[in-house]
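Colleague: I would like to learn how to read a few features of a protein model. Can we take them one at a time?

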Amino acid sequence: MVFRCGACSRLVVYCRMSDEPGAKGIGAVYVEKDAEG
Amino acid sequence: MGFLGININKKYGGLGLSNIDALLVLEEFAKVSSFVAWPIFESAVGPIKAIEHFANEDLKQKVIPEVCKGNLFVAVSMSEPHAGSALTDLTTKAEEKDGNLVLNGMKRWCSGAGHAQG
C-alpha cells in the first residue's frame with residue numbers, strides 16, 4: 001500500500017468487502033502506515 | 001477542553017452528548033476557523049464515528065480515547081477516480097488472504113490526511 005497522503009499514518013479506507021451489490025457490499029478498513037504492502 | 005469526541009461514548013473518553021450537540025459546537029468553531037473546526041468534525045462525524053459504531057472493542061479502545069485526547073487524528077479515504085461520494089460505486093476491494101486483509105484499488109484523496117498523524 002502506498003501512503004501518498006501527507007503526514008497521515010492512520011486511515012479508514014472504504015472499500016468493497018464482497019460482491020454483494022450496492023451498499024451491502026461496502027465496508028471500512030482501519031489501516032496503519034506500517035501495514036505491509 | 002472536551003471538544004473532541006463530543007458525541008462519543010463516555011467510556012471512550014467522549015462527552016456522550018447528542019449528534020446535534022456536537023454539530024452545534026462544530027458550527028460555532030467553523031464560523032471562526034475551519035482549521036480549528038476540522039479535528040472536531042473528524043471526531044464527531046468522521047472516521048471515528050465509523051470506528052465507534054462498527055469496529056471491534058480492541059480497536060475502539062486503541063483509537064477512540066487517543067482521538068478524544070487530541071493525541072491522534074485518523075484520516076478517511078473514500079473517493080476513487082470513478083466513484084465520488086456515491087460509495088456504492090467503489091471498486092477498491094478488501095479480500096482476506098492468509099489471515100490478513102489485502103486492499104487493492106486506487107483512491108483519489110484522503111480527507112484529513114494532511115493533519116492525521118502517528
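Colleague: How many aromatic pairs does the structure hold over all chains?

Modeller: Rings of Phe, Tyr and Trp (its six-membered ring) pair if their centres lie within 6.5 Å; planes under 30 degrees apart are stacked, over 60 edge-to-face, the rest tilted. Over all chains, this structure holds two such pairs. One of them joins B:Phe3 and B:Phe29: the ring centres are 4.8 Å apart and the planes sit at 70 degrees, so the pair is edge-to-face. The pair links distant parts of the chain, 26 residues apart. B:Phe3 lies in the segment before helix 1 (19-32) of chain B, and B:Phe29 lies in helix 1 of chain B. Helices (H or I, at least four residues) and strands (E, at least two) are DSSP runs, numbered from the N terminus.

Colleague: Is B:Phe3 buried, partly exposed or exposed?

Modeller: Buried means under 20% relative accessible area, exposed over 50%, partly exposed in between (1.4 Å probe, protein chains only). B:Phe3 has 29% relative accessibility, so B:Phe3 is partly exposed. B:Phe29, at 24%, is also partly exposed.

Colleague: What is the mean pLDDT of chain B?

Modeller: pLDDT is the predictor's confidence in each residue, from 0 to 100. Chain B has a mean of 87.

Modeller: This is a predicted model: local features need pLDDT of at least 70, and side-chain atom pairs count only at 80 or more, while totals for chains, interfaces and linings use all residues. Residues are numbered from 1 along each chain as its sequence is written, chains are lettered from A and ligands numbered from 1 in the order written, and side-chain values use heavy atoms, leaving out hydrogens and water.
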